[in-house]
Amino acid sequence: MGWTSPSTFSKSSETDTVDSARTSVRGGAAADPPWRLHCGRSTWAVPNSCGDLFQRSASRRIAKLPRMKSAVSLTNPTAPAELDLRDASKRALAAIKAETLKFQKSHAGKAAWQVVNSLGAYVALWAVMYFTVQVSWLLTLPFALLAAGVLVRVFIISHDCGHGSFVKSERWRTVWGVLTGLVTFTSYHHWRGEHAVHHGTCSNLDRRGTGDVWTMTVAEYKAASLPKRLGYRFVRNPLVLMFVAPLFLFLVLERIPRKNAPKLERHATWWTNLALAGMVAGMCALFGTSTYLLLQLGIISIAMGAGVWLFYVQH
């Protein structure tokens with residue numbers, strides 16, 4: 001594994017050919033050739049700012065290894081002798097922001113299609129299950145598994161509405177957030193507020209406890225009593241975390257407003273509970289109580305288990 005600086009490129013080399021796509025469109029002039037990261041037979045092009053950043057970091061580490069000084073060279077003759085690491089970081093960040101800028105804008109057409117192929121598909125699957133369950137449970141189960149996967153997509157819409165990114169209109173974000181929240185047994189306004197607190201306190205040990213998984217430091221765990229240790233290990237057991245906790249979270253905790261929740265969140269939670277009671281009563285009357293509850297609990301268990309797992313591994 002090694003680095004190739006821009007100054008060592010050869011025009012006749014196949015792997016070092018600079019594509020015309022790397023020409024600066026705005027200025028019309030060719031951009032500086034990027035650094036290359038070599039690992040085995042693979043080669044990746046890296047922006048100059050990132051290459052300079054890695055070069056600076058690696059040079060410091062190599063300086064601590066006298067035996068390797070003569071064998072390793074990570075210099076870039078075209079760069080200043082003393083590269084300011086902070087400036088390199090700023091340039092790298094600016095390049096990343098420029099590349100991701102086009103993904104930071106909502107698109108009404110794509111949002112509408114997401115509603116159709118997620119929320120619409122979920123409703124359609126329940127319609128299919130209404131007819132298939134009258135024939136055979138074996139015929140219904142595959143559609144129930146598919147509905148669980150689609151329900152995860154429905155929750156993602158609610159999540160994106162909560163972040164203000166699904167559509168431009170706040171009114172429509174609220175409409176779709178409330179509807180998708182109802183389908184996923186979640187109060188949209190309450191979850192949005194709790195999730196905002198989570199993003200504002202994530203990785204802050206002094207502000208743990210809202211929208212996250214129970215986490216203790218090593219020192220806290222050692223100082224905890226035996227019952228508390230056992231409870232901690234029980235809660236973080238994979239079977240409990242992936243199958244029991246999701247049901248408890250979405251069927252029980254989401255029915256109760258969080259402590260110190262604003263008036264809007266408290267009222268939204270109560271209204272959501274009332275709407276859910278009506279929805280469940282209607283579905284029980286349509287499907288039959290036992291049939292609906294078995295289908296709904298099975299779908300929620302799988303979908304919310306997958307959702308909790310996604311949040312867990314990403315945080």
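I take a contact to mean heavy atoms within 4.5 Å. With that, residues 24 or more positions apart account for 60% of the contacts in the chain with a separation of 6 or more.

Ground rules: this is a predicted model, where local features need pLDDT of at least 70, side-chain atom pairs count only at pLDDT 80 or more, and totals for chains, interfaces and linings use all residues. Residues are numbered from 1 along each chain as its sequence is written, and side-chain values use heavy atoms, with hydrogens and water left out.

Fold: I got 11 helices and 3 strands, taken as DSSP runs numbered from the N terminus (helices H or I, at least four residues; strands E, at least two). Along the sequence I read β-β-β-α-α-α-α-α-α-α-α-α-α-α.

Burial: 31% of the 315 residues are buried (under 20% relative accessible area; exposed is over 50%, partly exposed in between; 1.4 Å probe, protein chains only).

Helix pair: I looked up α3 (residues 108-132) and α10 (residues 263-287), which pack at about 35° with axes 11 Å apart. Axes are lines fitted to C-alpha atoms over the stretch in contact, and angles run from 0 to 180 degrees between N-to-C directions. Trp126, Met129 and Tyr130 of α3 meet Met283, Leu286 and Phe287 of α10.

Leu141: I found this leucine in helix α4. Why is leucine 141 counted as partly exposed? Its relative accessibility is 43%, so leucine 141 gets that label.
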